[in-house]
2 protein chains.
Amino acid sequence: MEKAHQVVIVGGGFGGLYATKSLKNAPVRVTLIDRRNFHLFQPLLYQVATGALSPANIAAPLRAILKRQKNTNVLLAEVVDIDAVNRSVALSDGAKISYDSLIIAAGARHHYFGKDEWEKLAPGLKTIEDATEMRRRILLAFESAEREPDPEKVKAWLTFVIVGAGPTGLELAGALAEVAHDTLKYDFRSINPADARILLIEGAERVLPPYPADLSAKATEQLARLSVTVRTSAIVAEIQPDSVTIRSGEKIEKIPTRTVLWAAGVQASPLGQILSKATGVTLDPAGRVMVEPNLTVPGRPEIFVLGDMVNFSHQTRKPLPGVAPVAVQQGRYVARLIDARLRGQVQTVPFHYKDKGSMATIGRAAAVADIGGFHFSGLFAWLAWLFIHLMYLVEFENRQLVFLQWAWNYVTRNRAARLITGEDSLQR
Amino acid sequence: MEKAHQVVIVGGGFGGLYATKSLKNAPVRVTLIDRRNFHLFQPLLYQVATGALSPANIAAPLRAILKRQKNTNVLLAEVVDIDAVNRSVALSDGAKISYDSLIIAAGARHHYFGKDEWEKLAPGLKTIEDATEMRRRILLAFESAEREPDPEKVKAWLTFVIVGAGPTGLELAGALAEVAHDTLKYDFRSINPADARILLIEGAERVLPPYPADLSAKATEQLARLSVTVRTSAIVAEIQPDSVTIRSGEKIEKIPTRTVLWAAGVQASPLGQILSKATGVTLDPAGRVMVEPNLTVPGRPEIFVLGDMVNFSHQTRKPLPGVAPVAVQQGRYVARLIDARLRGQVQTVPFHYKDKGSMATIGRAAAVADIGGFHFSGLFAWLAWLFIHLMYLVEFENRQLVFLQWAWNYVTRNRAARLITGEDSLQR
């Protein structure tokens, strides 16, 4: 009996998971490797960071998702090296896993443009731990303000600066505004949480820079309604534990704040560099792999790269955005391609992203959406956003419960998951 | 205007929280101090440790619970000293809080009978962090077994030893059996999770030692049905990273295991010692405060101690058990006493615990209960347990959701919250 074709998939995010699932009926053995034991629904991480949802609401164990997929094996492990000549990957515990096809979909981390020292001062939002750390900082800022006698210092505790006005920055700003104005309304005795000042800093000249200009304008209006202060064309020059300095042209401003949240740059997984060393493939400045039109590494047709790790500019001249639908479609495309090859077909159609639109939510019944060239904002855009996100929570056995939790939060304006957990739950 | 009577309450567990709530209409100002920002429903911690519920399902922010109670102020802080002469408590940040009445209800921690080095090897179950650490260890044990080629080592990874067969030990054993037999049934490819061996070690001669003997026998039967091996009259002599050594009389047995869970001794909060230093009050060997029949410290009628921190033996000659109903009733009693004093009444009725029964759950539809002298086991006891626990989740705005989550888990045998989180989610 011939040994089955071995597909090794690195990363259980949207790209890796959908590739795995699409190989369900292919004549292959799949090994899905991830450092975490769960698939994370990253688009809702901001809901964990602001106490509305629990980590388990937006994370599903990979083994649970794939338990009925008999041709697939899940491995909790970290890939530390790739041997492209002998076709194997090395794990951190020394083991080697051989592949016939390799799919790399290890995602991205936030990136501080060379200012790594900012990471401790301005956490980003990519993992469950990032989200609970952000939640801890936000809640402790209100607690510290409540205890602080000096009004100037109270003001710094109640100033929240969000760097980056992409979808994540807007979601965070909107959710934070709700926390301050609704959720915590009656919680304190010395401070009024509604005094919180939320600043959204963006380097480009408008929020949501890749979106159509009219939607940026609508989003700016909606942010203003939530009392979020937007600063565009503003660059973060410095972050200190008690301040952030921003530069707009010649103007330099130092803002006293104790809480800076990072929603700006991302950098592809370091696995891109390992792959580059192993195959000579080129990386772009954000560490993304420059792939062929069929998502393979040049000269290595058996190695595929997907999702946030890829610079795919063949279709629109600029890289596709790092969003879930791109990764999902790429995962499915690669699975079909491998399947077709094994059936002896020569698959030559390049990957083509079907853009079903983009949307960003800002708060209760506030969002903007660009669907098939039609622009929406307000309640309708928000409902569309809600519907699509819930639909995509398909991997989650208990998505009805997540929906109920959400509806409950919406009606009661409560955020029951606002727990301060982790190492120091008393101080910052 | 006269300054209102200041009540300082240390600890937002069952005792402290119910005392606070019962003072709602009293002519006092209440300051509730806790190191955590939430009230924790400890009886369900084992559900977090075994991946059935999320931390936020069993924890409610103290500020949220008390937001409408105008005479009450919540303080996120740690009490490090008590000045009984000048009537104030000192916080870890140096601040001092004055009181007219002081209620101390800081609970208990697990205790290793002088073997503090066991704590790292055999975590206990008192905090949210304890529970997620236990969950991490349990899940990583199965992951490690899946990767391990040596059958002897696989066996050690799949051996779970629980020390202590009180209610917590039984709950953990039953839940772990479900995880192994139901939840993870189809999750692995190299191991069969049902091969897991669950050992319950108890020093006394039967499980649930304080319960009536016939209920211990019933519980033993139910544990056997779940394939839990019970060892009574067995003392833990040594714990190593890869084994636990138990002694039964002359017989010494070394059991290879990688996972030991501690559900044995508890020790009152170190605040007892601080109180003893400040007032001269006697502590019992478990660190519990020897109080007067009205729960005050001898010679200090304005200082009350409640719940797991107290040795209250006036009623039944032996200390009342460290369970939620005792703390709740004590909290209410003390609140009424303070209120009566302020109204000029001399309250002389000592505290009296109304024992409404005790119960322990073992697994799906398996429990034992002693209610008003009537003994139950099996499905009925389990339903009673479920009903009472859900009823007591009153503090939780979203208890309906918790119930739904639970019902969902029950029907699907799923435990969606089985996430490996924290520092090292890859290895043990």
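Residues are numbered from 1 along each chain as its sequence is written, while chains are lettered from A and ligands numbered from 1 in the order in which they are written. Because the model is predicted, local features need pLDDT of at least 70 and side-chain atom pairs count only at pLDDT 80 or more, whereas totals for chains, interfaces and linings use all residues.

Q: How many helices and strands are there in chain A?
A: Helices (H or I, at least four residues) and strands (E, at least two) are DSSP runs, numbered from the N terminus. On that basis, chain A has eleven helices and 25 strands.

Q: Is B:Glu152 buried or exposed?
A: B:Glu152 sits in helix 6 (residues 151-157) of chain B. A residue is buried if 20 or more other C-beta atoms, placed from the backbone, lie within 10 Å of its own, exposed if 12 or fewer, and partly exposed in between. B:Glu152 has 8 other C-beta atoms within 10 Å, so this residue is exposed.

Q: At what angle do helix 1 and helix 10 of chain B pack?
A: Axes are lines fitted to C-alpha atoms, for helices over the stretch in contact, and angles run from 0 to 180 degrees between N-to-C directions. Helix 1 (residues 14-22) and helix 10 (residues 324-342) of chain B have axes 7 Å apart, and their packing angle is about 35°.

Q: Which element of chain A gives the largest share of the side that touches chain B?
A: Two residues are in contact if their C-beta atoms, placed from the backbone, lie within 7 Å. The contact takes 40 residues from chain A and 41 residues from chain B. Among the elements of chain A that give two or more residues are strand 5 (72-76), helix 4 (128-147) and helix 11 (399-412). The largest share, five residues, comes from helix 11 of chain A.
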